[in-house]
Amino acid sequence: MGTALREDELNEDAVRAALKSSWLGRPYHFVDSVDSTNDQLKRWAADPAVPSGTVLLTEHQSAGRGRLNRRWEAPSGTSLLFSVLLRPGWPARRAVWLTMLAGLAVVEAIEATTGLHPRLKWPNDVVLGEDQTPGNDGGEDRRVWRKVGGLLLDATFNADGRLESAIPGIGLNVNIPAEALPHAFTPATSLLVAGGRPVPRRPLLVALLECLERHYDAAASGQSPWHLWNERLITLGRTVQVTAGDIGTLVGLAEGTDEWGQLLVRDEAGKLHAIAAGDVTLRGH
Ligand code: ADP
């Protein structure tokens with residue numbers, strides 16, 4: 001299928017010729033298959049000569065990962081599957097900024113190249129509302145949100161508590177046909193299924209890397225991405241069920257997030273909980 005689509009090729013020559021970024025995606029590496037782009041880039045990152053900005057993209061992962069060692073499944077040649085090596089040197093708690101930056105870049109690049117309007121589901125899913133009709137925003141509560149992409153951040157810290165390396169990994173369902181979508185707890189979709197037409201992957205990848213560079217440079221100069229990220233979340237103002245290791249299961253109102261990306265959930269007894277990581281289900285459909 002991909003062969004018929006113009007600008008779908010993601011090999012090194014094609015991407016290098018199209019990419020206008022100044023450091024992110026330089027170098028850009030393409031491999032047909034790998035266990036996991038995050039795991040491979042982590043191995044490369046042990047060599048300090050591998051620069052910040054290095055990107056590794058593949059057509060197929062034999063052991064693609066989500067959080068908590070969950071599997072990421074994607075038929076070969078249908079997706080964007082890549083990871084970026086960053087060497088921020090930022091204070092450790094800013095690691096969450098990288099998850100925010102990656103989420104923003106994915107959302108903005110999809111908007112710019114397809115006209116679809118993805119959102120983020122806390123903390124790291126990229127979702128599309130089933131009803132994309134303009135002017136029907138009042139129906140947001142009744143929308144079915146389907147997962148079109150996922151983000152995964154692997155980070156290492158040095159002895160001074162600084163962020164030594166950060167590897168955001170991105171899996172984006174671009175041209176997966178409906179019958180090949182994985183069966184997942186949060187229903188999956190692809191840009192092809194949601195938009196009704198195949199999406200050439202190269203302009204999408206290039207836009208994504210350029211957006212990520214722009215947002216990263218702003219963050220590196222001290223500007224938090226929190227506000228921009230927060231605006232893209234679907235989770236806020238909704239009743240949610242949260243399952244997290246330290247609190248068990250909690251039902252409450254998602255009132256917002258704090259500047260470190262923690263989800264603020266008020267339980268039925270009125271107590272506010274700040275949740276750093278967990279699984280969230282939207283309730284009240
Ligand atoms: P979550 O944060 O929602 O738990 P992760 O980001 O950890 O999800 O991703 C892993 C989960 O995503 C898997 O357990 C599976 O249910 C789902 N999944 C796997 N591959 C895909 C895909 N290509 N598209 C959508 N969902 C997927």
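Me: At 39% relative accessibility, what does E7 count as?
Reply: Buried means under 20% relative accessible area and exposed means over 50%, with partly exposed in between (1.4 Å probe, protein chains only). E7 sits at 39%, so the class is partly exposed.

Me: What kind of model is this, and from where are residues numbered?
Reply: This is a predicted model: local features need pLDDT of at least 70, side-chain atom pairs count only at pLDDT 80 or more, and totals for chains, interfaces and linings use all residues. Side-chain values use heavy atoms, without hydrogens or water, and residues are numbered along each chain as its sequence is written, from 1.

Me: Where does E7 lie, and what is its phi?
Reply: E7 is in the segment before helix 1. Helices here are DSSP runs of H or I, at least four residues, and strands are runs of E, at least two, numbered from the N terminus. E7 is not a glycine, yet its phi is positive, near 60°.

Me: Which residue does a cis peptide bond join to R26?
Reply: Look in the loop between helix 1 (12–18) and strand 1, where P27 lies. Omega is about 5° for the bond in question, and R26 is joined to P27.

Me: What is omega for the peptide bond from W122 to P123?
Reply: P123 is in the loop between strand 4 (119–121) and strand 5 (125–129). The bond from W122 is cis, with omega near 0°.

Me: Which residues of helix 2 are buried, and what covers them?
Reply: Helix 2 runs over residues 37–45, and its buried residues are T37, N38, D39, Q40, L41 and A45. Contact means heavy atoms within 4.5 Å. By that test, the cover includes strand 1 (28–34), strand 2 (55–61), strand 3 (79–84), strand 6 (145–157) and strand 7 (163–173).

Me: What relative accessibility does L80 have?
Reply: L80 is in strand 3. Leaving aside neighbours within four places in sequence, L80 is in contact with L10, L57, I170, G171, L172, V174, R201, L204 and L205. L80 counts as buried because its relative accessibility is 0%.

Me: Which residues lie nearest the centre of the largest pocket?
Reply: On a 1 Å grid over the protein atoms alone, a pocket is an open set of points with protein on both sides within 12 Å along at least five of seven lines, and a cavity is a set where a 1.4 Å probe fits but cannot get out; lining residues have an atom within 4 Å of a point. The largest pocket has 37 lining residues, and those nearest its centre are R70, R71, W72, D125 and K147.

Me: Which elements give two or more residues to that lining, and what is the volume of the largest pocket?
Reply: Helix 2, strand 3, strand 6, strand 7 and strand 12 (279–282) each do. Volume is the space filled by probe spheres set on grid points, joined across faces, edges and corners. For the largest pocket it is about 740 Å³.

Me: How many residues of the lining of the largest pocket are charged?
Reply: Ala, Val, Leu, Ile, Met, Phe, Trp, Tyr, Cys and Pro count as nonpolar, Asp, Glu, Lys and Arg as charged, and the others, Gly among them, as polar. The lining holds 14 nonpolar and 14 polar residues, and the charged ones number 9.

Me: Which element gives the largest share of the lining of the second largest pocket?
Reply: This pocket has a volume of about 600 Å³. R67, T99, P123, A276 and A277 are the closest to its centre, out of 26 lining residues. Helix 3 (95–114), strand 6 and strand 8 (239–244) each supply at least two. The largest share, 4 residues, comes from strand 6.

Me: Why does T99 count as buried?
Reply: T99 is in helix 3. Beyond four places in sequence, T99 touches P123, N124, L151 and L153. T99 counts as buried because its relative accessibility is 18%.

Me: How far is a ligand oxygen atom from an N or O atom in the side chain of K147?
Reply: The ligand is surrounded by 14 residues, the closest being R67, R70, E73, K147 and N173. Polar contacts are pairs of N or O atoms within 3.5 Å; within protein, one must be able to donate a hydrogen and the other to accept it, and residues adjacent in sequence count only if both atoms are side-chain atoms. A backbone N or O atom of E73 lies 2.7 Å from a ligand nitrogen atom. For the side chain of K147 and a ligand oxygen atom, the distance is 2.7 Å.

Definitions and conventions: A residue is near a molecule or strand if one of its heavy atoms lies within 4 Å of it.
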